[in-house]
Amino acid sequence: MAAVVISGTPDEKTDTKSASIRNGSETASINDAELESHEVFKRTKDGVSFRNVSWPFAAVIFLKTIFATGVLSRFPSAMYSLGALGGALSVVGWSFMNTYTAIIQGDFKTRHPECHTLADMGYAVGGVWLKELIGALYLIAFVLCAGTGIIGLSTGFNALSDHAACTVWWAFLSTVIITVAASIRTLRNIGWLTWVGFLSIFTAVFIVVIGVTTVDRPAAAPQTGDFDLGYHVIAYPTFVEGMTATVTIFVSSAGTSAFLPVISEMKNPRDYRKALYIFVYRWTGQWVANPSLGSAGGTIKKVSYGIGLIGLAVSGCLYQHVAAKYLFVRILRNTKHLQSNTLIHWGTWLGCSVSLGAIAFILAESIAIFNYLLSLVGSICFAPMAISIPGVLWLFDFWHYRTGNFWQKLQYFFHCFLVILGLFITVGGTYSTILAIKDAYATGLIGSAFSCADNSNSGH
């Protein structure tokens, strides 16, 4: 038996109910109606209905949230650094690890329905200071992820137009498109976009996968003379190279804290496991075959970007939406304006969405080390949120396992290990990324802020 805190808001702990909690596929045996009464968004016919996401829609949103960004990330270089075997093991290992910690977060949300995001969960286990810390990490991480969507979409426009305009203008246009899409209030309506977005980006990647087999050499390789493809099964990276590559692969599936606002808008939040399992079945292992969309060069590059534009836009839209929804709920929670079509409701929502879009644009264009900064944010923000904090959440609800039977003690120490692992990735990844940034400056790989330079390598 364990105590489950049920409260009207994450800042009030007003009622403690005893419930039998089981790990894994089991859930707390609390009456669904009691849990429902403490959900952030209420079922309503008079106001704004947020609670209308079915579990199939949730599965596609989960899938799209994770899938598209890796297409334009430094993932291929990470695989090169670790080798085919090490890279594949890292992909599979982190995929399963991040999936498991997503289950922990979802289970905690089921037992503590008043929690809208990971920040609310931080309050439940650590008080105000942990809530504010996680809230800051959450906003920083997903605003920068929205920035990757802006960069990705501007890269597509550059590729399709042969760099017909300054990249900053393409980025501005991308910001407008993403912000308009992100300003759709409910995830149910955005869910329709995710279906189209996922199909577009998946088709684009599929075209590139086929396309690279029809050319003699990659577009970025020397076009004359001999060249080394650089493929190797086992690599021997330095600590810095290995850690940087590991963090890059980890981050590609670490955005699971973005799932929590989706669960809050599901018709039945207890169905989230169905959506998560569909997501795992469909997604696991895909990254191994995800070259960047420009790998084949030429016509194939333009075709893939043309088809994938919608998917790239929807990716940035989802990241910006969950960040804006966090601010929106935090500002209007426990007021009549949260689910009413009032001027304050609309002004707050649009203000959150537009302001975060503007910040994402400024950061994406002003930070010359943006790609490296994402690795840094992965270490500082996502490692704690996706590894350490889920470990803490589990320990909070199952603290009594430390004095239980052998299997319970084993589970207890494993989740203690998660906390330590997250801290190690935070420290090791931060150290390695800083050294990588230093080397990039030394070799001239880092450009200038608000540069008009082509980011799609359209010359290839």
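**Helix crossing and backbone angles**

In this predicted model, the axes of helix α5 (residues 128-161) and helix α12 (residues 343-366) come within 8 Å and cross at roughly 70°.

Q: Why is α5 called roughly perpendicular to α12?
A: Angles of 65 to 115 degrees count as roughly perpendicular, and the axes of α5 and α12 cross at roughly 70°, so α5 is described as roughly perpendicular to α12. The crossing in which α5 passes α12 is right-handed.

Q: What makes up the contact of α5 with α12, in terms of nonpolar, polar and charged residues?
A: The residues of this contact divide into 12 nonpolar, two polar and no charged. On the α5 side they include Leu139, Val143 and Gly147, while among those on the α12 side are Leu356, Gly357 and Phe361. Gly counts as polar, whereas Leu, Val and Phe count as nonpolar.

Q: Why is His163 called partly exposed?
A: Partly exposed lies between the limits of 20% for buried and 50% for exposed, and His163 has a relative accessible area of 27%, so His163 is placed in that class. His163 lies in the loop between α5 and α6 (167-182), and has a positive phi of about 55° although it is not a glycine.

Q: How do you know that Phe450 counts as partly exposed?
A: The relative accessibility of Phe450 is 39%, and therefore Phe450 counts as partly exposed, since that class runs between 20% and 50%. Phe450 is found in the segment after α14 (406-443).

Q: What is the phi of Phe450?
A: Phe450 has a positive phi of about 50°, although it is not a glycine. Most residues other than glycine have a negative phi.

Notes
Residues are numbered from 1 along each chain as its sequence is written. This is a predicted model: local features need pLDDT of at least 70, side-chain atom pairs count only at pLDDT 80 or more; totals for chains, interfaces and linings use all residues. Side-chain values use heavy atoms; hydrogens and water are left out. Axes are lines fitted to C-alpha atoms, for helices over the stretch in contact, and angles run from 0 to 180 degrees between N-to-C directions. Helices (H or I, at least four residues) and strands (E, at least two) are DSSP runs, numbered from the N terminus. Angles under 35 degrees count as roughly parallel, over 145 as roughly antiparallel, 65 to 115 as roughly perpendicular and the rest as oblique. A crossing is left-handed if the near helix is turned anticlockwise from the far one by less than a right angle, and right-handed if clockwise. Contact means heavy atoms within 4.5 Å. Buried means under 20% relative accessible area, exposed over 50%, partly exposed in between (1.4 Å probe, protein chains only).
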